[in-house]
Amino acid sequence: MSSTLNLTASKHAAQHGKVDLSKMPKMMEMSATSITEQVLAINNANCSDERMKFVFERLVQHLHDFVRETFITTEEWVTAIKFLTEAGQTSTDHGQESVMLLGILGVPALIDTMNNAKPPKATEAAVLGPFFIDDAHDLAHGDSIASEGKGEYMYVHGKVADTKGNPVANALINAWEADETGSYDAQYEVRDGPECRGRLRTNKDGKYAFRAVVPVSYPVPAEGTVGKLLDTLGRHPFRPAHLHLRVEAPGYEKLITQLYINGDPYLTSDTAFGVKSSLIVDLKPVNDPKLSAKRGFGNPDKVHMELERDIILATPEEGAAARKKLHEDMLKSMKTGLKR
Ligand SMILES: [Fe+2]
């Protein structure tokens with residue numbers, strides 16, 4: 001009997017290749033607390049990747065603590081599994097529902113905030129979002145990213161500079177936004193070409209200018225599983241009005257950010273958690289037909305809004321120092337002393 005068992009065990013060991021059973025933990029009494037130690041011991045026994053071991057050690061510890069703290073019921077667990085399965089099988093024009101689920105829980109915003117932390121003087125970053133595409137209009141200084149009739153007129157201008165105030169010439173700026181209906185060009189069934197998106201370069205003084213439309217707040221798709229969750233939590237699906245920007249120049253870190261319009265009702269409850277107060281901008285109405293005509297608006301008699309904003313880029317060294325400090329500060333506040 002025992003030799004049959006040994007034979008079976010060695011056959012399975014051969015199937016598992018590098019798994020060395022001799023490194024596995026000794027018999028442990030399984031309980032609602034000791035199971036964590038058991039999982040960690042088995043995970044770590046044969047894994048040679050230190051980062052993987054660390055990440056999974058923390059993941060298992062937090063997951064188990066969450067289950068213990070909430071005393072999750074079997075019914076709740078089954079509901080959660082069904083929900084995750086459904087989210088994983090559904091996609092919308094915003095992408096996978098599973099990605100959106102993490103988004104409404106603030107996970108991508110947190111990861112982005114950590115990995116794109118900037119020094120105090122530089123413009124802060126925000127998530128890229130699902131609607132950046134390379135196919136965009138190439139603009140000259142002052143051109144429009146939007147066709148006539150896509151929304152209220154807006155004139156965007158400013159300077160790209162470094163943290164010491166030196167202008168950054170020839171920086172490449174990508175700008176994109178939703179039209180007045182709150183939809184990006186990529187969301188339409190038929191997309192004839194780029195709309196409400198364009199790229200341009202700063203001039204020798206680091207200045208940039210383009211025409212656009214006043215952004216509007218829009219909801220993320222709320223018909224699916226994530227929408228039901230938002231509803232259960234008593235949350236709305238809206239993102240506050242914003243203009244997306246991506247700015248890049250040799251010698252500087254690429255900046256991906258969003259500018260949010262002051263006064264938007266969803267500024268403090270963005271469903272994607274992108275808003276940082278330093279990224280909120282005021283729009284100024286311009287009721288000056290001569291200036292409107294000079295700026296190239298189709299109907300100069302219409303009031304246009306002006307958005308003036310300088311963009312400050314960090315060097316890779318400044319960015320790295322900011323992220324190192326952020327990580328140290330976070331660890332201190334967590335009082336764990338953990339290293340990544
Ligand atoms: Fe957006």
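In this predicted model, an iron ion is held by four residues: Tyr184 and Tyr218 through their OH atoms, and His242 and His244 through their NE2 atoms, at 2.0 to 2.2 Å. Along the sequence these donor residues follow the spacing Y-x33-Y-x23-H-x1-H. Two of them come from separate elements: Tyr184 sits in the loop between strand S5 (172-176) and strand S6 (197-201), while His242 belongs to strand S10 (residues 242-248), so this pair ties together parts that are 58 residues apart in sequence. Tyr184 and His242 are both buried.

What arrangement do the 4 donor atoms around the iron ion make? The angles they subtend run from 89 to 171°, which makes the arrangement irregular. For comparison, the ideal angle for four tetrahedral donors is 109.5 degrees.

**The sheet**

Strands S5, S6 and S10 also belong to an open sheet of 6 strands, in the order S3-S6-S5-S10-S11-S12 and with mixed pairing. At its edges stand strand S3 (137-138) and strand S12 (280-281); each has a single partner strand, so one side of each is left without a neighbour in the sheet. Strands of a sheet pair through backbone hydrogen bonds, in either the parallel or the antiparallel sense.

| Strands | Sense | Bridges | A bridge pair |
|---|---|---|---|
| S3 and S6 | parallel | 2 bridges | His137 and Gly198 |
| S5 and S6 | antiparallel | 5 bridges | Ala175 and Gly198 |
| S11 and S12 | parallel | 2 bridges | Ile261 and Val281 |

Strand S6 pairs with S3 in the parallel sense and with S5 in the antiparallel sense. Gly198 in S6 is the bridge partner of His137 and also of Ala175. Is S6 enclosed or open to the outside? Of its 5 residues, 4 are buried, so S6 is largely enclosed by the rest of the structure. At the other end of the strand order, S12 pairs with strand S11 (residues 255-261), and the bridge partner of Ile261 in S12 is Val281.

**A pair of helices**

Helix H2 (residues 34-45) and helix H3 (residues 50-70) have axes that come within 10 Å and cross at roughly 160°. H2 and H3 are therefore roughly antiparallel to each other. The crossing in which H2 passes H3 is right-handed.

**Loop residues**

Phe71 is found in the loop between H3 and helix H4 (74-89). Its phi is positive, at about 45°, although Phe71 is not a glycine. Is Phe71 buried or exposed? With a relative accessible area of 70%, Phe71 is exposed.

Asn170 is another residue other than glycine with a positive phi, in this case near 60°. Asn170 lies in the loop between strand S4 (153-162) and S5. Its relative accessibility is 46%, and Asn170 therefore counts as partly exposed.

At 28% relative accessibility, Arg191 counts as partly exposed, whereas Tyr184 is buried. How far apart in space are Arg191 and Lys207? Their C-alpha atoms are 31 Å apart, and the two residues are 16 residues apart in sequence.

Definitions and conventions: Residues numbered from 1 in each chain as written. Predicted model: local features only at pLDDT ≥ 70, side-chain atom pairs only at ≥ 80, totals over all residues. Heavy atoms only, no water. Donors = N, O, S within 2.8 Å, 3.2 Å for Na, K, Ca; no water. Tetrahedral: all angles 85-135°; square planar, octahedral: opposite > 155°, others 65-115°. Buried < 20%, exposed > 50% of the residue type's maximum accessible area, 1.4 Å probe, protein only. Pairing = 2+ DSSP bridges. Axes fitted to C-alpha atoms, helices over the stretch in contact; angles between N-to-C directions. Parallel < 35°, antiparallel > 145°, perpendicular 65-115°, else oblique. Left-handed = near helix turned anticlockwise from the far one by under 90°.
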